[in-house]
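Hi,

Here is the structure I promised to pass on.

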Amino acid sequence: MNIVILSRNNQLYSTERLIEEGEKRGHKVEVIDPLKCDIIIEKEKPTIYYKDRYLDYVDAIIPRIGASVTFYGCAVVRQFEMMGVFTICTSDAIQRSRDKLRSLQRLSKAGIGMPKTVFTNYSRDVEEVIEHVGGTPVIIKLLEGTQGLGVVLAETKNAAESVLEAFNGLQARVIVQEFIKEAGGADLRALVVDGQVVGAMKRQGKEGEFRSNLHRGGQANIIKLSHDELKLAMNASRALKLPVCGVDMLQSARGPLLLEVNSTPGLEGIEAATGRNIAKAIIRYIEKNVPQTT
């Protein structure tokens, strides 16, 4: 079949691995920059034009869309959907996952445990906000932040007030979350494919760093998830309608707590930590859902 990876960089590890595994299984795989696609809207004939051709031969797409190009990237995914092309993540699901507040609201409704979280409309009553999440220290997150950027640990009321005032002055939307001390600067990443966990790792932040992101110097090791952790990951995937995703959670005294769900999780860290062939699992998921002609 013809598989298109929507990515702005064909040299990224995740993209290269998906190409490799797709071609191994006999498929034609190409990388297309979604920002260079023209969306042609016409009655009963939605099409996409890329460079010198119409993309009317595509059987399936794998969106690898960065947060900074979510709007146009999702418009391209939506157009493929209108053309009847299978996608491992729908445009609506990607947009839901990129909106931290919206996704947390949906996950809360689904009964999924998470740190206490407060969102306010540029509130000046910092003391009340902090009280809602159980007091300092607190985590303050930009709604649009990725890879640990825009995440601040405020250890005192004065620090929290200063950070919130700074973000408010920039008209930046933030959420305030309870700090889970017992997590010890570590989190868990579960990789879900076809609604099932296919690999999991524990990421430990470097000494003195509360963020465990590998991009910030954290280390990762394979881990066997508990029943409750497996259940949380699969329920989160189902609640956001993301059959392929990365689910981040903390280990706390009251059980696993969800941090966020990533609709385009990187494969490098988790394949290295677990030794699992995640890219192959994604290609097989596509094969399961796209009828193949002989």
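To start with the helices: are α3 and α4 roughly parallel or roughly perpendicular to each other? Before the answer, some housekeeping. This is a predicted model, in which local features need pLDDT of at least 70 and side-chain atom pairs count only at pLDDT 80 or more, while totals for chains, interfaces and linings use all residues. Residues are numbered from 1 along each chain as its sequence is written, and side-chain values use heavy atoms, with hydrogens and water left out.

**Helix packing**

Helices (H or I, at least four residues) and strands (E, at least two) are DSSP runs, numbered from the N terminus. Two packed helices are described by the angle between their axes and the distance between the axes. The axes are lines fitted to C-alpha atoms, for helices over the stretch in contact, and the angles run from 0 to 180 degrees between N-to-C directions. Angles under 35 degrees count as roughly parallel, over 145 as roughly antiparallel, 65 to 115 as roughly perpendicular and the rest as oblique.

Now the answer: α3 (residues 91-98) and α4 (residues 100-109) pack at about 100°, with their axes 5 Å apart, and are therefore roughly perpendicular. On the α3 side the contact (heavy atoms within 4.5 Å) is made by Arg96, Ser97 and Arg98, and on the α4 side by Lys100, Arg102, Ser103 and Arg106. By class, that contact has no nonpolar, two polar and five charged residues. For those classes, Ala, Val, Leu, Ile, Met, Phe, Trp, Tyr, Cys and Pro count as nonpolar, Asp, Glu, Lys and Arg as charged, and the others, Gly among them, as polar.

Helix α3 also packs with α2 (residues 70-82): their axes come within 8 Å and cross at roughly 155°, which makes the two roughly antiparallel. Thr70, Cys74, Val77, Arg78 and Glu81 of α2 meet Ser91, Ile94, Gln95 and Arg98 of α3.

**α7 and α9**

I also checked helix lengths (the expected span is 1.5 Å times one less than the number of residues). The 13 residues of α7 should span 18 Å, and its end C-alpha atoms are 18 Å apart, which agrees. For α9 (residues 278-289), twelve residues should span 16 Å, and the ends are 17 Å apart, which agrees as well.

For burial, buried means under 20% relative accessible area, exposed over 50% and partly exposed in between (1.4 Å probe, protein chains only). Glu229, Leu232, Ala233, Ala236, Ser237 and Ala239 are buried in α7, and what covers the buried residues of α7 includes α4, β12, β13, β15 and β16. In α9 the buried residues are Ile278, Ala279, Ile282, Ile283, Tyr285, Ile286 and Glu287. At the start of α9, a side-chain oxygen of Asn277 reaches to within 2.9 Å of the backbone nitrogen of Lys280.

**Two strand residues**

Val4 sits in strand β1 (residues 2-6) and is buried, at 1% relative accessible area. Beyond four places in sequence, Val4 touches Glu30, Ile32, Val58, Ala60, Ile61 and Ile62.

Asp248, in strand β15 (residues 245-252), is buried too, at 5%. Its side chain makes a polar contact with the side chain of Arg203 at 3.2 Å. A polar contact is a pair of N or O atoms within 3.5 Å; within protein, one must be able to donate a hydrogen and the other to accept it, and residues adjacent in sequence count only if both atoms are side-chain atoms. Leaving aside neighbours within four places, Asp248 is in contact with residues including Asp187, Leu188, Arg189 and Leu257.

Most residues other than glycine have a negative phi, and most peptide bonds are trans. These spots are worth a look in your viewer:

- The Thr136 to Pro137 peptide bond is cis, with omega near 0°, and Pro137 is in the loop between α5 and β9.
- Asp194 has a positive phi, near 60°, in the loop between β12 and β13; at 32% relative accessibility, Asp194 is partly exposed.
- Lys241 has a positive phi of about 55°, just after α7; at 54%, Lys241 counts as exposed.

Cheers
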